[in-house]
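I opened my notebook to get to know a new structure. Here is what I looked up, in the order I went.

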Amino acid sequence: MDAGSYGGSHLPVLRIRLDLAHAVPDVVAELVGYPRGEEHTYGVPLRLPVTEYGLSAECGPPKGAVVPVELLETVGMFMERPDPDVPSGLWLRLVPPCGYLGAVPWERELVPRIRRPVIRVPDLLPVAADPGRVWSVAIVVQAPPHSRKRGPLQVPDHVVRFIGNLRKAIGEGVVVHIFADRDTHEGLGLLLPGSGESGVRTYPVGQAETAGQYGRVSAEARGAGSAEAPTPFLWPDWIASSLRGEAVRALYVVAPAAFDGDRPVLTASPDPQRAADPDDSTYVTAEDLQQLANTVGASTICLGSPEGNPSDASTRLLADGLGRHRAGPTLYSDLGRDPSGVVLAQAHAFLNDPAAMEPIPADPSLFGHLQPQHVQALLGHPWLNPDGPDQSWRTGRTSMGDSATSRELAPALDAVPDTERISAHYAGGAAVPTWVAATERYMEMKAAKLLEAAAVPGETPHMKQAYDRGMAQALGELRHLTTQVQDHEGRGAVEAGDDFFRAEEE
């Protein structure tokens, strides 16, 4: 799909929501478009019980989620209309609360049917600032347990081929940092040149350092009520300290997944020097992944589901949950369907420079949450204001326009994504300081929480209004401070931000 193929059309939206009014919840699917700036529903909404999607009526963790044939046919016939204005892509909106619908392989089954890209719509957030001239990626790999039985170089081979395809898609200026478990690191040593050559840097597992505050070990591994001290989780500090103050623009994590009760998690050996072991593993939550991305300054997060993944559904849910609540792009990649990483590399190339009119991959191995602004250059009309009338489907919340209190906060929130100034400031640099990108991630996260809390119908109580105004003021002051500090190439903005918000919360 090229840029011109969009024509002047608005991409239609496949809007999916849960109806919990019955003992067995229904899934309601609607095809919605905005041909003249007004919402138009095409056909009759399709209502099916969640069991038709392979989900449990009791809302337990999914094991065999599918897209019903009836929905595939409905969407397929719509996209095949003999109409010159037929769109060249489809937005997918999972309206919260959406339960386990994020685990349904929507793109895997829709893309082959419609032969066009499917893009997931996140909640409305500040658009992520992503400064830097060089596309830099931190690849974090924990091979699944016993993966060597299926081929000793399986995961390393994917990493090496992905890097090669990334260079073909973007150029030789790509910088890659690799943090891998012991077995994967050994395999990579046979396939890659010396560390630091050709922009690829691998970090020996022996350099991992203790990271006490990140320690989190599964209850199954330690036993309920065990007095034994948990094993520290060494990966985050190892990664952050090894980057030595240099931010990355993307974080790519490949690891097996599981469910901790009904919560999706990745699993990893606490110490990368040890092989993965299901009986001695750390659970890595969505919050942990976002914290790591914020710490290294990554705007883009990608989760890779390796072959042999015990729970691909968990990986999908993690990626979907992160994507709906992050300002930056979030991707999911199925390594079994994209072993060379060529599709994922194309997605990175698009994110590196959306204005360059790179094609958005249409492939069943990939899904992504993208802010509408990321594809604005490819659309014939501006993206409709999500805070206008009857636009709540875009955000999963009440329009801020319905609340005078919320409208007062809009200027402060608009000031958070200072994308153009930051991009211009670091346009010529080979690297961006971690504190710069980490500060942007910090402010995006705070602004998103404020936006979600502030957008309520009517007027909020007086005390809540005062709190929201104080938070908005702190955001504005932090933006002013970071602008000054960045202009002088100083440091300490993240610590200053912590002080601001600690004072506001007290």
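**Entry 1: a pair of helices.** I began with helix 6 and helix 7, and I found that helix 6 passes helix 7 in a right-handed crossing. I kept in mind that this is a predicted model. Next I asked which residues make the contact. On helix 6 they are Pro236, Ile239, Ala240 and Leu243, and on helix 7 they are Leu292, Thr295 and Val296. I then looked up the geometry: helix 6 (residues 235–243) and helix 7 (residues 286–296) pack at an angle of about 10°, and their axes are 10 Å apart. Angles under 35 degrees count as roughly parallel, so I noted helix 6 and helix 7 as roughly parallel to each other.

**Entry 2: helix 1.** Which residues of helix 1 are buried? For this helix, residues 69–79, I listed Leu71, Leu72, Val75, Gly76, Phe78 and Met79. They cover an arc of only 160° around the axis, which means that they sit on the same side of helix 1. I turned to the face away from that buried side and found the exposed residues Val69 and Met77 there. Then I checked what covers the buried residues of helix 1; the cover includes strand 1 (13–19), strand 2 (26–33), strand 3 (40–49), strand 4 (90–94) and helix 2 (106–114).

**Entry 3: one histidine.** I finished with His369, which I located in strand 15 (residues 366–369). Is His369 buried or exposed? I wrote down buried, because its relative accessible area is 3%. Its side chain is joined to that of Asp320 by a polar contact of 3.4 Å. Leaving aside neighbours within four places in sequence, I found His369 in contact with several residues, among them Arg120, Val121, Pro122 and Arg324.

Terms used:
Residues numbered from 1 in each chain as written. Predicted model: local features only at pLDDT ≥ 70, side-chain atom pairs only at ≥ 80, totals over all residues. Heavy atoms only, no water. Buried < 20%, exposed > 50% of the residue type's maximum accessible area, 1.4 Å probe, protein only. Helix = DSSP H or I, 4+ residues; strand = E, 2+ residues; numbered from the N terminus. Arc of directions from axis to C-beta. Contact = heavy atoms within 4.5 Å. Polar contact = N/O pair within 3.5 Å; in protein donor to acceptor, adjacent residues only side chain to side chain. Axes fitted to C-alpha atoms, helices over the stretch in contact; angles between N-to-C directions. Parallel < 35°, antiparallel > 145°, perpendicular 65-115°, else oblique. Left-handed = near helix turned anticlockwise from the far one by under 90°.
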